[in-house]
Each structure stands twice: as structure tokens, then as C-alpha cells.
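Open the model in your viewer and keep the selection tool at hand. This tour moves from one selection to the next and says what is there.

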Amino acid sequence: MARRYDSSTTTFSPEGRLHQVEYAIEAINNAGTCIGILAKDGIVMASERRITSGLLAPAKTSEKTYKLCHHAACNVAGLTADANILIDQARLRAGRYEYQYQEPIPVEQLVEHVCNYKQSYTQYGGLRPFGVAFLFAGHDQHHGFQLYQSDPSGNYSGWKATVIGANNQAGKSLLKSDYKEDGTVQEALKIAVKVLNKTMDGTAASADKMELFTMTLNDKKECVHHILTLEEAKQLIDAVEAESASAGDS
């Protein structure tokens, strides 16, 4: 029965499902893992780097974490080419809002704009859903630090901590036991490394296989975006492994 309805994004099956949208969501579950954690003094986002060939030239900018405006950033799981279209939409919306109203766009309003664009690709014929899911991190004067997740259907939701991509259920179960609402960015970074260790398929954690991003406020209450260097990531991984070893000994 499903085969009669799974080639169209706009036709409901008798069970009330849009199969192409569901397939797009399923494609995300095979993408590199991305983690978002809300801390009391900032936000941490971590992602798995998949190195397909040692002959590839190193990327000049991050292929997983993108700055949308000075107070918002996102992590990408899925097709990077699809993500580029949506990232351009988000940057354009943020710039136009600031030009029009002379103040930064509220984070949820920016997320909603991107998700409305994604949803339109599930409602009109001849289009396919965007094969990408996002974690949005941002800060505004209304609600402080915020973390949102969105999927190809155009749905979005706010989270304290979440995982998207491969093995996300295993990652979420670890977050449920380890996450603390009053934790700091440094504690959140350690949790993110532990989750990546659990979700990465059979590979030992190393600094070149993961990307760690933090968003914090400086003394002027301005957002600071920082991607940890390989050296900083290596020190963090070593610290997590030392803690795990000492916990195992005790």
C-alpha cells in the first residue's frame, strides 16, 4: 500500500502519513551525530567529523557549524548542500530584521522563519523536502540562551540537551542521566565528548574526528562564538578519559 503514496511529498497515505517526509527524516538518522547542550553560562554544540579520504584538502571553514548572525549559530546533520540554502535564508532574514527594526532578531523568530521555508517544500508538488536537520543555538534579551532542534518536516522544538544524527537514541539516554541544568560550559563540553564517544561507530575518539563549539557572553554581554582548536579538543578528551579511568578504578 505504501508504494502507491511514497513517491509524492504532497499526498497523504490512507494511514495519514507523508512517506517522503518520513524518508527524509530517516536519512538524518544516518548522518554524522550532532549534540546540543544548554549550560547556565552558554551553549555547547558538538559534532562528529566524518573524514571520507585522507587526500581531501582540509576545509578552510567548519563544515558542521555555521554562524547565522552575531547572536545565533547552527549545527548541521544531513546534506550540506541542502543546508547551505537554508543557512542563506536564515542569514538574509536576520540581516533584514536588524536593518528594519534596528535590533537583533529574536532567536525563535529566526528558527521559525527557516522552518516555515522547510515546511513549504513538503506542501507543493515537484519539490522534495530538505534532507537536513539543524540544531540552533542563540541568545537574545528576551529569553537568554536557547537551543532548538528542527527536522525536514518543518517542525521545531526547544531543548535543554539533545542529539540528532546517527545513534541519537543512545546519545539521548546518556544525556538523561548526565545532564545538569545548573552545569557550566566546561561541564557541558565533557558531557558532549562522552556522548560522542558513545555514538561514534567503533572509532576511538580523537580531536580530528569531532568538532566542539561554544557560545558564551563576554563582559560587554556580546555573544562569543568559539570552535575549539585541535589542541584544546585533545586536552578536553584527555581530561574526560582520565575522569572515566579514575571512576572505573574507584
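Select K160. Its relative accessible area is 43%, so K160 is partly exposed (buried means under 20% relative accessible area, exposed over 50%, partly exposed in between, with a 1.4 Å probe and protein chains only). At 54%, E181 is exposed. The two side chains meet in a salt bridge, 2.7 Å from N to O (a side-chain nitrogen of Lys or Arg within 4 Å of a carboxyl oxygen of Asp or Glu). K160 sits in the loop between β7 and β8 (161–164), and E181 in the loop between α4 and α5, 21 residues apart. Helices here are DSSP runs of H or I with at least four residues, strands are runs of E with at least two, and both are numbered from the N terminus.

A word on the model: it is predicted, local features need pLDDT of at least 70, side-chain atom pairs count only at pLDDT 80 or more, and totals for chains, interfaces and linings use all residues. Residues are numbered from 1 along each chain as its sequence is written, and side-chain values use heavy atoms, with hydrogens and water left out.

How many salt bridges does the structure hold? There are seven. Select R49 and E211 for another one; their closest N and O atoms are 3.4 Å apart. R49 lies in the loop between β2 (42–48) and β3, while E211 is in strand β9 (residues 210–217), so this pair ties together parts 162 residues apart in sequence. R49 is partly exposed at 30%. E211 is buried at 4%. Next, pick E48 and R50, whose side chains form a salt bridge at 3.3 Å, N to O. E48 is buried, at 10% relative accessibility. R50 is partly exposed, at 44%.

Now colour the strands β8-β1-β2-β9-β10. In that order, these five form an open sheet with antiparallel pairing (two strands pair if DSSP finds at least two bridges between them). β8 and β10 (223–227) stand at the edges with a single partner strand each, so one side of each has no neighbour in the sheet. Neighbouring strands are turned by 10 degrees against each other on average, direction ignored. Zoom in on β1 (residues 34–39) and β2: they pair over six bridges. I37 has V44 in β2 as its bridge partner.

Show α4 next. This helix packs on the sheet and touches β1 and β8 (contact means heavy atoms within 4.5 Å). α5 also packs there, touching β1, β2, β8 and β9.

Select the contact residues, including L174 and L175 of α4 and I191 and V195 of α5.

Last stop: β3-β4-β5-β6-β7. These five strands form an open, antiparallel sheet in that order. β3 (65–69) and β7 (156–158) are the edge strands. Find A137, which stands opposite L147 in β6. Then show α2 (residues 80–101), which packs on this sheet and touches β3, β4 (72–78) and β5.

Key: Axes fitted to C-alpha atoms, helices over the stretch in contact; angles between N-to-C directions.
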